[in-house]
Every structure is written in structure tokens, then in C-alpha cells.
Amino acid sequence: MWALRGHSADYDEWQRRGARGWGWHGVLPYFRKLETDFDFEGSMHGRSGPIPIRRQGKADWSAPARAVYAILTDRGWRHVEDANGDFADGHCTLPVSRYENSRASAGLCYLTREVRARRNLQILTNTAAERLTLNGKSVTGVRVRKPDGSVQEYAGATTIVAAGALRTPVLLLKSGIGPADELR
């Protein structure tokens with residue numbers, strides 16, 4: 001549920017290394033588009049996206065959270081109020097994707113009743129993506145393992161990889177996409 005953006009300088013470095021469009025000013029509009037930030041306004045935050053972003057107020061912090069805040073502040077670390085807009089060193093209250101009283105996952109926020117009813121959408125549960133299928137340097141689909149152990153391939157004109165921060169790199173490497181040394 002953490003909704004913590006990367007450091008703006010990291011995105012700019014990606015662009016300097018050849019990832020066109022992935023500099024901070026290229027990705028910021030998409031961060032703004034996906035969120036409704038309930039705590040901060042301005043050019044760094046969205047107000048009409050499907051993902052609600054909140055931070056727990058200090059009055060609601062647990063005793064351990066208050067203790068960590070006090071210790072870090074006493075040691076000279078600044079409390080960064082808005083870690084998604086102020087990229088200074090310090091400690092912060094993590095922004096999270098949640099409704100007022102419940103979790104707000106990407107599935108809940110994007111896969112609305114209307115989206116789930118689309119004829120061109122099939123949702124597979126308990127199914128693991130094993131690798132992307134390729135035609136030369138183009139991704140043509142995905143190979144998955146179903147709950148019964150069978151393997152099936154799905155093809156499409158567009159393949160969107162959204163396996164999370166940890167599994168996406170693994171899926172890309174298993175598919176032969178990535179740094180040559182690691183692939184060897």
C-alpha cells in the first residue's frame with residue numbers, strides 16, 4: 001500500500017542513460033493522473049485520480065512511531081512532511097494508497113465494475129506469469145501457469161507488464177530482457 005515515489009534525481013538519471021520520457025518531468029504527470037492526494041495540493045499532486053493517497057496524522061501514530069519520530073528529530077533529522085514532493089534527506093510519514101477506512105489496491109481502484117464487464121478483459125486468478133513471449137525484440141504476449149499446473153500462452157497486440165516492483169524485473173530477466181551479463 002505504500003505510495004512512495006522514487007527520488008526525482010533517479011528518474012532524471014534514467015533519462016540521461018537513454019530511457020527517453022522517463023525523466024522526472026516526464027513521469028510526474030502520470031503520478032498526478034493516478035492519484036487523489038488528500039493531504040497535499042499543488043503542482044506535485046493529483047486531485048482527481050483513481051488512487052486515494054493518505055498519510056496517517058501524527059495524532060493517530062502508535063507509541064513506537066512517536067518514539068522513532070522523537071529520536072530522529074532529536075538527532076537532527078528533519079521530518080519531511082511530503083516525501084512525494086520534497087526529496088530532502090530526513091524521515092517521513094509514508095504516503096499510502098487507502099480509502100478512509102480500507103485498503104485501496106490497484107485492482108480495487110482500476111478494475112471497477114464497468115471495467116470488469118468488458119468483453120475484451122479476462123481476469124485469471126491463482127495464475128502465475130512465467131515469461132513473456134517474444135517475436136524478435138517485440139513482446140507478443142505471456143506464458144502463464146494455471147492452478148491445475150497446465151501452461152497456456154496468451155497473445156495480444158499490446159502487453160502491459162505489471163508484476164510489481166520485485167517480480168517485474170524477474171519476469172523480464174526470465175524472458176531474456178535485461179542486462180546481457182545477468183542474462184548469461
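Helices (H or I, at least four residues) and strands (E, at least two) are DSSP runs, numbered from the N terminus. This is a predicted model, where local features need pLDDT of at least 70, side-chain atom pairs count only at pLDDT 80 or more, and totals for chains, interfaces and linings use all residues. Residues are numbered from 1 along each chain as its sequence is written, and side-chain values use heavy atoms, with hydrogens and water left out.

**View 1. Asn-84 sits in the loop between strands E3 (79-80) and E4 (91-92).** Asn-84 counts as buried because its relative accessibility is 0% (buried means under 20% relative accessible area, exposed over 50%, partly exposed in between; 1.4 Å probe, protein chains only). A polar atom of the Asn-84 side chain lies 2.8 Å from the backbone nitrogen of Arg-5. Residues that touch Asn-84, not counting those up to four places away in sequence, include Met-44, His-45 and Pro-95 (contact means heavy atoms within 4.5 Å).

**View 2. Seven residues make up the largest nonpolar core.** They are Tyr-11, Trp-24, Val-27, Leu-28, Phe-31, Met-44 and Phe-87. Such a core is a set of buried Ala, Val, Leu, Ile, Met, Phe, Trp, Tyr and Cys residues joined through side-chain atoms within 4.5 Å. Helix H2 (residues 24-34) gives the most, with four residues. A second, separate core has five residues, among them Ile-51, Ile-53, Ala-104 and Cys-109.

**View 3. Strands E6 (residues 128-135) and E7 (residues 138-145) form a hairpin.** They pair in the antiparallel sense over seven bridges (pairing needs at least two bridges found by DSSP). Leu-134 stands opposite Val-139 in E7. Two residues lie between the strands. Gly-136, in the turn, has a positive phi of about 70°.

Technical notes:
A polar contact is a pair of N or O atoms within 3.5 Å; within protein, one must be able to donate a hydrogen and the other to accept it, and residues adjacent in sequence count only if both atoms are side-chain atoms.
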